[in-house]
Amino acid sequence: MYGPGLAASPRSLSQAGAQQKTAAQAPAFPSANPRMTPVVRVVQEAGPAVVSIVSARQVEQAPFAGNNPFQRFFDELYGGQGGNQGGGQGSAPQRKFTSRSLGSGVIVDGKNGFVLTNAHVIAGASQINVRLRDGREFSASLIGADQDVDLAVLRLDGHNNGQNSTAPLPQARMGDSADLLIGEPVVAIGNPFGFNHTVTTGVVSAVERSVSNGQSAFVGLIQTDAAINPGNSGGPLLNILGQVVGINAAVHAQGEGIGFAIPINKARRVLEELIATGRVAHVWLGILGENMDQAIAAYCGLDRPCGMVVTDVFPNTPAESAGIKPGDALLAIGGTEVQDKAQFLGMLLGYSKGDTLTVHLRRGREPYTVQLRPQVLDQEAALGLLNWRWGFAPGREAAGGVLTGVVRANAPAARLGLRPGDVILQVGNTRIRKQDDLVTAFFRYQMHNSLILSVMRGGQVYNVRMKI
């Protein structure tokens, strides 16, 4: 996804640009001091732009299952405080407490006060506070977040370009993650376990890694052995020039020295979308599919069932333009094998509209490869596909969910017994509060053959399985 082939080395361009800096812009590093190593220089330049983020949320009951697989690697919740334990029989209210989550972030635009972090760091937060290394503290507003790519953008409130504080805001320099070298040194700065501005070093262990929890997948990640612990999430991974090349996101729970970061090239595209619209546009290739069975695997000359069999190709989509046809076996995207349709959907959620995908397929026993760019599927088209696939049209937002509109006869929703006026509260693990949430749920579960819905009718909540 992020391959070589640039006309000029980004490092050469960066070094040339660095030579043109004024004395006021460039940090002073005594060349005669042997302790002033490249790592020290990175920390002195980029460290001031790394922030500590504390987000608070009011919890009244057990939360819905998390949508973010990174949260399954390590839990960054730091416990609750206070709370109502309830009274005697017949007077026991739900327990309420404040849960606080600790993470990191990096200021990427000092003029406008924009901070880039992970979405799971601030998920569900009712209050977000940000602390700089120099001791300044700000409340922060959420500009936008996307759980599927695990990135969020905050704006520091009241900074006013430094006019209401003792100094202008620092800002980290963006690098280029497209030409990372396996083995090159990197530096991680963050706030693990509340130890502010902890510095760890390592190397780039691998690129284009995929992380999956069986339901969702993150693709194209940087793997590093620089220590990443709870609280590091959202902080920068820096190259030896002091440039941000990744946003630290997770550590492998069963391994030591196996951490992952989101490449900054991807994060930059998501940053621009979140600032412009507050959300990341969903993308698709224009296909639906089913899991491969042993008979189809044998027909394709495979020794075991793997990948996904394409069942539908929609007109005017990237898949149709690339010549993909129903019956083709989709086996891999980039260097990552597709095990089944669930993994394919998880991988697709990790891509954005600016990415180029190399898709490996077979038509019968003949392998072929296509390159294509995902297509943005707007809300209107997505809701139309939802109606076609699931059999109902959503209505207006209601108390706690979205009303069911027209239910198509003989479709999955009708066979389930769904009626107009029912309130959809949840689809799978996705909480439904507005139509955008239904679109998100459709992207996650568009190829599932059955779904658990939480539906309210007449004030009573039912959990039901819809077969598709």
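Leu-451 is placed in strand β27, which spans residues 450-457; strands (E, at least two residues) and helices (H or I, at least four) are DSSP runs numbered from the N terminus. The model is predicted, so local features need pLDDT of at least 70 and side-chain atom pairs count only at pLDDT 80 or more, whereas totals for chains, interfaces and linings use all residues. Residues are numbered from 1 along each chain as its sequence is written, and side-chain values use heavy atoms, with hydrogens and water left out.

Leu-451 counts as buried because its relative accessibility is 3%; buried means under 20% relative accessible area, exposed over 50%, and partly exposed in between, with a 1.4 Å probe and protein chains only. Leaving aside residues up to four places away in sequence, Leu-451 touches Trp-390, Val-427, Tyr-445, Val-464, Arg-465, Met-466 and Ile-468, a contact being heavy atoms within 4.5 Å. Ile-468 is 17 residues from Leu-451 in sequence, with a C-alpha to C-alpha distance of 7.9 Å.

The largest nonpolar core contains 49 residues, and Trp-390 and Val-427 are among those with the most contacts inside it. Such a core is a set of buried Ala, Val, Leu, Ile, Met, Phe, Trp, Tyr and Cys residues joined through side-chain atoms within 4.5 Å. Helix α10 (residues 435-445) supplies the largest share of this core, 6 residues. Apart from this core lies another of 46 residues, including Val-108 and Phe-114.

Thr-317 lies in the loop between β17 (308-313) and α6 (318-321). Thr-317 is buried, because its relative accessible area is 3%. Beyond residues up to four places away in sequence, Thr-317 touches Trp-284, Leu-285, Gly-286 and Gln-375.

Asp-176 is found in the loop between β8 (173-174) and β9 (185-190). With a relative accessible area of 19%, Asp-176 is also buried. The side chain of Asp-176 reaches the backbone nitrogen of Ala-178 at 2.8 Å, and a polar contact of 2.9 Å joins the side chains of Asp-176 and Asn-265. A polar contact is a pair of N or O atoms within 3.5 Å; within protein, one must be able to donate a hydrogen and the other to accept it, and residues adjacent in sequence count only if both atoms are side-chain atoms. Asp-176 and Asn-265 are 89 residues apart along the chain, and their C-alpha atoms are separated by 6.3 Å.
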